[in-house]
Amino acid sequence: MPYNYTSGGTAELKLGDATYQLPILVGTEGEKAVDIRKLRAQTGYITLDSGFANTGSCASSITFLDGEHGILSYRGYAIEDLAEHCSFVEVAYLLAHGSLPTRQELTCFSHMLGKYALIHEDMIRFFDGFPANSPPMAILSSMVNSLCSFYPEMLDNPLENIDKMAARLISKVRTIAAFSYKKSMGQPLVYPRHDLSYCANFLNMMFDSPVQPYVINDTVVAALNKLLILHGDHEQNCSTATVRVAGSARVNLYASISAGINALWGPLHGGANQAVMEMLQLIHNEGGNYKKYIERAKDPNDPFRLVGFGHRVYKTHDPRSRIIKKACDDVLAALNIADPLLDIAKELEEVALKDSYFVERHLYPNVDFYSGIIYRAIGIPTNMFTVMFALGRLPGWIAHWKEMWDDPDWRISRPRQVYVGPRRRPFVPLDQRAG
Ligand code: CMC
């Protein structure tokens, strides 16, 4: 066994008269898996698991998540400690390299982020080709995909060059995100500065202007830093799984990340942070009648869902949402902002957590429920919220792509299916078809 599994014995599977022994593998935090990798070859059967809710697609040493107890750690470090004590750059290094950086390693990594912050000037012309009001996620995924045309020299030996590729991506995606905002506003681009920290540099590129210089506010920088850390990784979520699936075909890192950005865009995934703000704004515009939306969410005939609530894995509070809720209060107080949407969010949460519909289904606020209120307080426009999620998730995607590329158990991702279409039938020539 190439991985650090321990053996948990075997499980017995009876199919007709035959009995099969399936190995049980146990991970380092005690989670157990029935190893079915030889199942089809031995039995002719496959498993059916829509949404992959019970399927482990790989072994990973990046993030541990215990949804029953609300525990999340990156590389063994509690998310609470990382959010409290680290910079996003330290956490990005941790995710990509597996250990927290020494002071010297951090200086070196930060230097690389500074060095790679510019994007090729020819890429800047791409922004002009997008119509006004283009969704920033569409721009981001296209721009990231095109990076492989501008920086192809590392594609042949990706693992040898992964540190450079990671630094390049983490730095350039920040620049692309800020430039796409500036273009959408019709404002001149603000270039990255070597003397600013990762988050301060991003905020400066977003908000500095020739007529109104941006004043860097430590509270805003700290809030952004915390949000990016909390979004850093979340094991096999939809976008990360997408990065791995795309990469499993041995497509390059940029193309794989671009695929992940597109998956993240969906309102059931990263797009939920924007959808939450739109929902809260709607409730506010309608006079704050949040109870109507609780009732709609519970109605089986209404497709409406309480966005920012529920999670595939967490069956208790999402530890990230607890940290964000507290940060929300701190940031708004420090910036002297009273946001009526925060009051509505808190009221919705309070009512939902006592309502049997939500209690029975274990639906709690997730990472997206309060994050938008902080983004709004620090001036990020709503249509950029999911881009911010992408910025935070990027080190996680890179770490998973790297792990997948180097995985001794790697195979191209290729699920099976149960076919339920028509049985094989005779072909009918065009002039003999009825109707
Ligand atoms: N509002 C109302 N009912 C809900 C909600 C919700 N937000 N979420 C789940 N349910 C109900 C669902 O209707 C189902 O009820 P029933 O058993 O009566 O059919 C039950 O809870 C189980 O839901 P599910 O759809 O089987 O759960 P899932 O694990 O497939 O989906 C989810 C997880 C996150 C997509 C879902 O909870 C949801 O749509 N939430 C709202 C969107 C959201 O906030 N997404 C962000 C997720 S966290 C960050 C991220 O991944 O980016």
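User: What classes of residue make up the lining of the second largest pocket?
Analyst: The lining has 7 nonpolar, 7 polar and 2 charged residues. Ala, Val, Leu, Ile, Met, Phe, Trp, Tyr, Cys and Pro count as nonpolar, Asp, Glu, Lys and Arg as charged, and the others, Gly among them, as polar. This is a predicted model, where local features need pLDDT of at least 70 and side-chain atom pairs pLDDT 80 or more, while totals for chains, interfaces and linings use all residues. Residues are numbered from 1 along each chain as its sequence is written, and side-chain values use heavy atoms, without hydrogens and water.

User: Which residues lie nearest the centre of that second largest pocket?
Analyst: Val89, Ser110, Leu196, Ser197 and Tyr198 do, out of 16 lining residues. Two or more residues each come from α3 (88–97), α4 (103–115), α8 (198–207) and α9 (218–230). Helices here are DSSP runs (H or I, at least four residues), numbered from the N terminus.

User: And what counts as a pocket or a cavity?
Analyst: On a 1 Å grid over the protein atoms alone, a pocket is an open set of points with protein on both sides within 12 Å along at least five of seven lines; in a cavity a 1.4 Å probe fits but cannot get out, and lining residues have an atom within 4 Å of a point.

User: What volume does the largest cavity have?
Analyst: About 40 Å³, the space filled by probe spheres set on grid points joined across faces, edges and corners. α7 gives the most to its lining, with 3 residues.
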